[in-house]
Amino acid sequence: MAGPPQPSGAELDYAALVLCGPDERGDRRGRLFPDSPFDAVAAEYRRRAEAVAALPLPGHAVRPRESAGSFDHRFDATARADIPSDGTWHTVTVGEIPVGLRTEYVCVPSVEQTVYATSVLSNATGQALLAGPVEVTVDDEFLLTAALPTLAPGGVRRVGLGPAEGIRVTRRTNVHESASGLRNHTTVLDHRVHVELANRLARPVTVEVRERVPVTSDPDVRIEERADWTAPETGAGPEQHAPGTRVWRVDLPAGGTAALDGGYEIRIPAGKALVGGNRRS
């Protein structure tokens with residue numbers, strides 16, 4: 001006994017099915033069928049349309065599935081637009097979204113004695129900004145094209161603008177090892193940090209200087225800080241910080257300088273000290 005009709009493999013290949021148009025004969029019109037020689041024109045149009053996905057992306061452009069994962073948002077265009085079908089990318093204005101913008105200067109002199117300019121973007125709207133190129137201008141003059149990260153509604157992200165040549169930073173360290181306690185059973189590693197900043201710009205700036213102090217899970221090892229730096233607030237700001245991060249925020253007037261001194265002591269019981277390996281820069 002024959003069972004119910006079963007679709008063929010070609011009929012289950014939904015991506016290859018073609019919807020027949022009004023010019024098809026009555027038993028095909030408005031129905032889905034696999035590609036056939038009669039559908040050559042429609043297949044060619046579809047092939048051309050799908051070829052766009054193989055084009056190399058413009059600079060700093062990222063496909064939404066890669067930049068935002070399961071991010072889901074609808075963008076309503078403010079007006080209709082005509083896009084030439086010439087096989088190349090075109091920029092089309094979909095809408096305008098106001099974002100908060102402020103310039104911050106950041107340096108990590110323990111890694112690199114260079115100050116970097118950054119822009120902190122905040123999106124207080126209900127619209128999303130997808131990752132892609134962003135053109136940065138200063139005083140109406142084009143500066144550079146940077147990569148904008150995905151900025152969801154309510155999100156805050158930082159965009160790097162490159163080295164700030166007008167701000168200088170230098171860092172010097174000194175480590176002194178000694179012993180303390182009864183019978184000198186505690187090794188003391190005294191780390192001193194000295195940072196100098198100089199602003200050669202014609203305007204005042206605020207520089208964030210980042211340092212790191214050691215982190216231990218051993219209750220017998222103590223770390224005592226001696227500085228007016230602060231720990232960044234957990235979950236605050238446009239980025240996450242590594243454990244042990246400390247921050248100085250310094251206001252520098254135009255042409256001004258500043259000196260920062262800090263440090264920490266690491267106290268290690270003699271039985272847990274590393275022979276010849278306690279010093280750390």
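Modeller: β3 and strand β10 (residues 205-212) pair in the parallel sense, over three bridges. Pairing here requires that DSSP finds at least two bridges between two strands. Strands are DSSP runs of E with at least two residues, helices are runs of H or I with at least four, and both are numbered from the N terminus. This is a predicted model, so local features need pLDDT of at least 70 and side-chain atom pairs count only at pLDDT 80 or more, while totals for chains, interfaces and linings use all residues. Residues are numbered from 1 along each chain as its sequence is written, and side-chain values use heavy atoms, with hydrogens and water left out.

Y105 stands opposite V207 in β10. V106 has E208 of β10 as its bridge partner.

β3 also pairs with β4. That pairing is antiparallel and runs over nine bridges. A hairpin of three residues links β3 to β4. Within this pairing, T103 has S119 of β4 as its bridge partner.

Now the whole sheet. Its five strands run in the order β7-β4-β3-β10-β12; the sheet is open and the pairing mixed. β7 and β12 (245-252) are the edges, each with a single partner strand, so one side of each has no neighbour in the sheet. Neighbouring strands of this sheet are turned by 30 degrees against each other on average, direction ignored. Axes are lines fitted to C-alpha atoms, for helices over the stretch in contact, and angles run from 0 to 180 degrees between N-to-C directions.

The side chain of R158 makes a polar contact of 3.0 Å with the side chain of E104. Another polar contact, of 2.9 Å, joins the side chains of R158 and T118. A polar contact is a pair of N or O atoms within 3.5 Å; within protein, one must be able to donate a hydrogen and the other to accept it, and residues adjacent in sequence count only if both atoms are side-chain atoms.

Next, the other sheet. This open sheet has four strands in the order β8-β9-β13-β11, with antiparallel pairing. β8 (167-180) and β11 are its edge strands, and each pairs on one side only. The twist averages 15 degrees from one strand to the next. Strand β9 (residues 186-199) pairs with strand β13 (residues 257-269) in the antiparallel sense over 13 bridges. E196 has A259 of β13 as its bridge partner. β11 and β13 pair over four bridges, also in the antiparallel sense.

E265 of β13 turns up in both pairings. D190 stands opposite E265. E224 stands opposite E265 too.

D190 has a further partner. R226 forms a salt bridge with D190, the closest N and O atoms being 2.5 Å apart. R226 lies in the loop between β11 (222-225) and β12, and D190 in β9, so the pair ties together parts that are 36 residues apart in sequence. A search of the whole structure finds 14 salt bridges, each a side-chain nitrogen of Lys or Arg within 4 Å of a carboxyl oxygen of Asp or Glu.

The largest pocket holds about 1,800 Å³ of space. Of the 48 residues that line this pocket, the closest to its centre are L129, G132, P133, V134 and L148. On a 1 Å grid over the protein atoms alone, a pocket is an open set of points where a 1.4 Å probe fits, with protein on both sides within 12 Å along at least five of seven lines; lining residues have an atom within 4 Å of a point. Grid points are joined across faces, edges and corners, and the volume is the space filled by probe spheres set on the points. β3 (100-108), β4 (112-122) and β7 (156-163) are among the elements that each supply at least two lining residues. β5 gives the largest share, seven residues.
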